[in-house]
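Look at the fold shown below before reading on. The notes that follow go through it topic by topic.

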Amino acid sequence: MDNTNQIVCGIDIGGTNTRIAIIHAQTGAILQFLDKFPTPPKYEDQLHAISAALQPWKWQIAGVGVSIGGQVNPTGDSLRAAPNLPDYENKPLQQDLANIVQTRIVLAHDPVCGGIAEMWNGALQGAERCAFLTISTGIGAAVFYHQANVQLNVSVQIGHQILYRHTRPCLCGQTGCIETYLGGKQAAMYAGKPLETIQDPGYWRQYAEILAIGIINTAQLTRVELIAVSGSIALHHPEILSIANTAIKQQISSGSHVALIPARHQENAPLIGAARLLSPESGIIIH
Ligand SMILES: [Zn+2]
């Protein structure tokens, strides 16, 4: 294949939906969506679904980048922890996909992919210390440091920071994690109804104020200054960002600052970033 016009595949395996697209390797343009389906809870079912979608393309794509809603092992070939996809944990995902398409496969935690896309040609372009936050079935984040042509992409467990004296058991096994308030799946369990049905502005104000605490903690520990936000909850409730930004400004100590902004690629950020994983310019990933 002509090296200047490569096409690659991006797969975004989220806690709720999986999306597969053909993407232009040099520009990040999504050329064609191949499939979108509810993420199968069973790992084997997911492999079959991906295999079916990729069959017509398997000899044309120069690689497959996978964005996944779980923590990737340090070796980058499987999932270490995925409270929303437990059957996927410790399965040889990279090898199983390579057996299906016989091409290069790269995996990363979904906010790592989202941030790579936003730093490439989105809302985080030019930022030296920044982060990407997904607010969806779960909440996930990655932080990025970019200096002198070196880009370091670090997956962090933002959802499993513990709030003092909070007693909600989290799906991860800890007690009092912020994800029990902010992750769509767990917050709905505690609210007793899907978050899509909650219109009460008071609920979303409190939600944004809890988010602000998580962001301040993250910024103080990592020194990030700009955070691009995506995920279905953030997209449906854009007011969360402005409420949280106000709460952050009121609380954060002088000398530190951090702001939340919408991701430019919105729900496509992890998909575009997944494809970008195949480029050496995406930098070093600390899974
Ligand atoms: Zn947790």
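Strand β4 (residues 64–68) is largely enclosed by the rest of the structure, because five of its five residues are buried. A residue is buried if 20 or more other C-beta atoms lie within 10 Å of its own, exposed if 12 or fewer, and partly exposed in between, with C-beta atoms placed from the backbone. Helices (H or I, at least four residues) and strands (E, at least two) are DSSP runs, numbered from the N terminus. This is a predicted model, in which local features need pLDDT of at least 70, side-chain atom pairs count only at pLDDT 80 or more, and totals for chains, interfaces and linings use all residues. Residues are numbered from 1 along each chain as its sequence is written.

- Strand β1 (residues 7–13) runs parallel to β4 and is joined to it by five bridges; two strands pair if DSSP finds at least two bridges between them.
- In this pairing, Gly10 stands opposite Gly65 in β4.
- β4 also pairs with β7 in the parallel sense, over five bridges.
- Here Val64 stands opposite Ile105 in β7.

**Strand β8 and its partners**

- Strand β8 (residues 129–135) is mostly covered, with six of its seven residues buried.
- Seven bridges pair β8 with strand β9 (residues 139–147) in the antiparallel sense.
- The link from β8 to β9 is a hairpin of three residues.
- Across this pair, Arg129 stands opposite Tyr145 in β9.
- β8 is also joined to strand β11 (residues 226–230) by five bridges, and these two run parallel.
- Ala131 stands opposite Ile227 in β11.

**Helix α3**

- Helix α3 covers residues 110–121, and its twelve residues should span 16 Å at 1.5 Å a residue; the expected span is 1.5 Å times one less than the number of residues.
- The end C-alpha atoms of α3 are 17 Å apart, which agrees with that expectation.
- Eleven of the twelve residues of α3 are buried, so the helix is mostly covered.
- Among the buried residues of α3 are Asp110, Glu118 and Trp120.

**Two domains**

- The chain is divided into domain 1 (3–109) and domain 2 (113–267), with bounds that come from an automatic or database domain assignment.
- Taken over C-alpha atoms, the centres of domain 1 and domain 2 are 24 Å apart.
- Their contact takes 13 residues from domain 1 and 14 residues from domain 2; two residues are in contact if their C-beta atoms, placed from the backbone, lie within 7 Å.
- On the side of domain 1 that touches domain 2, β5 (71–72) and β7 (105–109) each supply at least two residues.
- That side of domain 1 has four nonpolar, nine polar and no charged residues.
- For this count, Ala, Val, Leu, Ile, Met, Phe, Trp, Tyr, Cys and Pro are nonpolar, Asp, Glu, Lys and Arg are charged, and the others, Gly among them, are polar.

**Two loop residues**

- Gly76 lies in the loop between β5 and β6 (79–81).
- Gly76 counts as partly exposed because it has 14 C-beta neighbours inside 10 Å.
- Leaving out residues up to four places away in sequence, Gly76 touches Leu107 and His287.
- Gly76 and Gly138 are 62 residues apart along the chain, and their C-alpha atoms are separated by 21 Å.
- Asp200 sits in the loop between α5 (184–191) and α6 (201–222).
- With 8 other C-beta atoms within 10 Å, Asp200 is exposed.
- From C-alpha to C-alpha, Asp200 and Ala127 are 35 Å apart in space, and they are 73 residues apart in sequence.

**The chain as a whole**

- The secondary structure comes to nine helices and 13 strands.
- Of the 287 residues of the chain, 45% count as buried.
- The C-alpha trace spans about 55 × 45 × 30 Å along its principal axes.
- A compact globule with 287 residues would have a radius of gyration near 19 Å, and the 18 Å of the chain agrees with this.
- The radius of gyration is taken over C-alpha atoms, and the globule rule is 2.2 Å times the number of residues to the power 0.38.
- Among contacts between residues at least 6 apart in sequence, 64% join residues at least 24 apart.
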